[in-house]
Amino acid sequence: MRPGALTERVAFDAPTGGTDAFGGTTEAWAEHHVCAAQWTHGKGDESVQAAREAGRSAYKIRVRSCAATRALTADYRMRDVRRGTVWNISEPPDAITDRAWVHLVVEGPVT
């Protein structure tokens, strides 16, 4: 990967919701990790094609591998820090293929 490719800033939020007084659930998020990222438009693997057919945008994201990014799951969400958009993580991060990078697929933006 060429130097300077991580030009975007993203944050990953962990779900911290609970139950309310009426027995329902409340949705809340706590910031887990902020890092630099590279966005790449998905070219056509199965998950990207399925998202396109359903009318959603899907992107592949590359971030540096660390304990925080390897701990991400599909329960987390990703925020684009600069634009304020929120994205669902549709595939658990791939931290095995490449030891230096974590690759994940996001869909959205979520409203």
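A salt bridge is counted here where a side-chain nitrogen of Lys or Arg lies within 4 Å of a carboxyl oxygen of Asp or Glu. By this criterion, the side chains of D80 and R83 form a salt bridge, with an N to O distance of 2.7 Å. The model in which this pair is found is predicted.

The protein holds two helices and eight strands, arranged along the sequence as β-β-β-β-α-β-α-β-β-β. Strand 4 (residues 29-41) runs antiparallel to strand 1 (residues 8-15), and eight bridges join the two; P15 has W29 of strand 4 as its bridge partner. Strand 4 also pairs in the antiparallel sense with strand 5 (residues 57-64), over five bridges, and there W39 is partnered by I61 of strand 5.

Of the 111 residues, 33% count as buried. Among contacts with a separation of 6 or more, 55% are between residues 24 or more positions apart.

The structure holds six salt bridges. One of them joins R83 and E8 at 2.9 Å, N to O, and this pair links distant parts of the chain: R83 lies in the loop between strand 6 (77-80) and strand 7 (86-94), whereas E8 belongs to strand 1, 75 residues apart. R83 is exposed, at 54% relative accessible area, while E8 is buried, at 15%.

R79 and E31 also meet in a salt bridge, at 2.7 Å from N to O. Because R79 lies in strand 6 and E31 in strand 4, the pair ties together parts 48 residues apart in sequence. R79 is partly exposed, at 22%, and E31 is exposed, at 53%.

D80, by contrast, is buried, with a relative accessible area of 3%. Through salt bridges that share partners, E8, D80, R82 and R83 are joined into one network.

Key
Residues numbered from 1 in each chain as written. Predicted model: local features only at pLDDT ≥ 70, side-chain atom pairs only at ≥ 80, totals over all residues. Heavy atoms only, no water. Pairing = 2+ DSSP bridges. Helix = DSSP H or I, 4+ residues; strand = E, 2+ residues; numbered from the N terminus. Buried < 20%, exposed > 50% of the residue type's maximum accessible area, 1.4 Å probe, protein only. Contact = heavy atoms within 4.5 Å.
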